[in-house]
Amino acid sequence: MGSVAKKGLQQYMLQLQQHPLRTKAITAGVLSALSDIVSQKLSGIQKLQIKRILLKVLFGFGYLGPFGHYLHILLDKLFKGKKDTTTVAKKVAVEQLTASPWNNLVFMVYYGMVIDGRPWSQVKTKLKKEYPAVQFTSWTFWPVVGWVNHQYIPQQFRVIFHSLIAVGWGIFLNLRAKSMALTKG
């Protein structure tokens with residue numbers, strides 16, 4: 001079994017080297033599905049909602065993977081790949097003041113309109129009410145992840161590292177959305 005896992009990892013690394021965007025997009029899609037499956041089970045859903053899982057895969061594959069891929073390339077170009085403390089702090093600050101609010105907004109709009117099928121007026125009301133708390137919570141968690149990512153993780157693995165951590169973040173957001181729905185009902 002060890003040799004199968006080793007060969008799988010070697011093949012993955014080869015794909016990451018030869019097709020970085022595609023590999024990161026697929027990885028983000030698979031990890032988005034994993035996050036949603038765990039969220040569904042933890043929130044008490046008995047039968048997995050396949051359409052919801054597929055829509056999460058689409059979000060990970062079509063948005064999260066590519067966005068992260070190009071964001072990290074851009075940050076390394078802006079800061080010339082440096083990893084000193086000051087530069088890492090600047091990268092984290094730029095990421096947290098631009099990408100973080102944007103990604104949380106896009107996720108909440110996508111989730112509300114596409115996954116839940118709600119009209120814009122309901123999504124907008126929910127955003128006004130919940131977005132500030134989600135973003136504040138994000139700022140208490142993601143800067144540490146960003147620091148580790150920019151300081152210690154090689155550029156080609158940053159989207160993957162971020163996606164792995166995002167599995168837990170996605171579970172948190174899904175369970176938070178579920179608890180908000182329960183307190184209203």
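This is a predicted model: local features need pLDDT of at least 70, side-chain atom pairs count only at pLDDT 80 or more; totals for chains, interfaces and linings use all residues.
Are Arg52 and Asp36 buried or exposed? Both residues are buried.

**Salt bridges**

The structure contains 5 salt bridges. Among them is the one between the side chains of Arg52 and Asp36, with an N to O distance of 2.7 Å.

Asp36 and Lys56 are both buried.

Another salt bridge joins Arg158 and Asp76, whose closest N and O atoms are 3.0 Å apart. Arg158 is in helix α6 (residues 158-184) and Asp76 in helix α3, so the pair ties together parts separated by 82 residues in sequence. Both partners fall under the 20% relative accessible area that defines buried residues. Arg158 has a relative accessible area of 2% and is therefore buried. Asp76 counts as buried because its relative accessibility is 16%.

Salt bridges with shared partners join Asp36, Arg52 and Lys56 into one network. The table lists the pairs described above.

| Arg158 and Asp76 | 3.0 Å | 82 residues |

**Helix packing**

Two packed helices are described by the angle between their axes and the distance between the axes. For α3 and helix α4 (residues 85-115), the angle is about 160° and the axes are 12 Å apart. An angle of that value makes α3 roughly antiparallel to α4. Their crossing is right-handed.

On the α3 side, the residues that meet α4 include Arg52, Lys56 and Asp76. Leu55, Leu58, Phe59, Tyr63 and Phe67 are also among the α3 residues in this contact. From α4, the contact includes Lys91, Glu95, Trp102, Asn103, Phe107 and Tyr110. By class, the residues of the contact of α3 with α4 divide into 16 nonpolar, 2 polar and 5 charged.

Helix α4 also packs against helix α5 (residues 120-152), at an angle of about 150° and with the axes 7 Å apart. Angles over 145 degrees count as roughly antiparallel. The helices α4 and α5 are therefore roughly antiparallel to each other. The crossing of α4 and α5 is right-handed. In the contact of α4 with α5, the residues comprise 17 nonpolar, 10 polar and 3 charged.

**Ile50**

Where does Ile50 lie? Ile50 is in helix α3. Ile50 counts as exposed because its relative accessibility is 51%, and the cut-off for exposed residues is over 50%. Ile50 and Ala33 are 17 residues apart in sequence, and their C-alpha atoms are 9.6 Å apart in space.

Note on methods
Residues are numbered from 1 along each chain as its sequence is written. Side-chain values use heavy atoms; hydrogens and water are left out. A salt bridge is a side-chain nitrogen of Lys or Arg within 4 Å of a carboxyl oxygen of Asp or Glu. Buried means under 20% relative accessible area, exposed over 50%, partly exposed in between (1.4 Å probe, protein chains only). Helices (H or I, at least four residues) and strands (E, at least two) are DSSP runs, numbered from the N terminus. Axes are lines fitted to C-alpha atoms, for helices over the stretch in contact, and angles run from 0 to 180 degrees between N-to-C directions. Angles under 35 degrees count as roughly parallel, over 145 as roughly antiparallel, 65 to 115 as roughly perpendicular and the rest as oblique. A crossing is left-handed if the near helix is turned anticlockwise from the far one by less than a right angle, and right-handed if clockwise. Contact means heavy atoms within 4.5 Å. Ala, Val, Leu, Ile, Met, Phe, Trp, Tyr, Cys and Pro count as nonpolar, Asp, Glu, Lys and Arg as charged, and the others, Gly among them, as polar.
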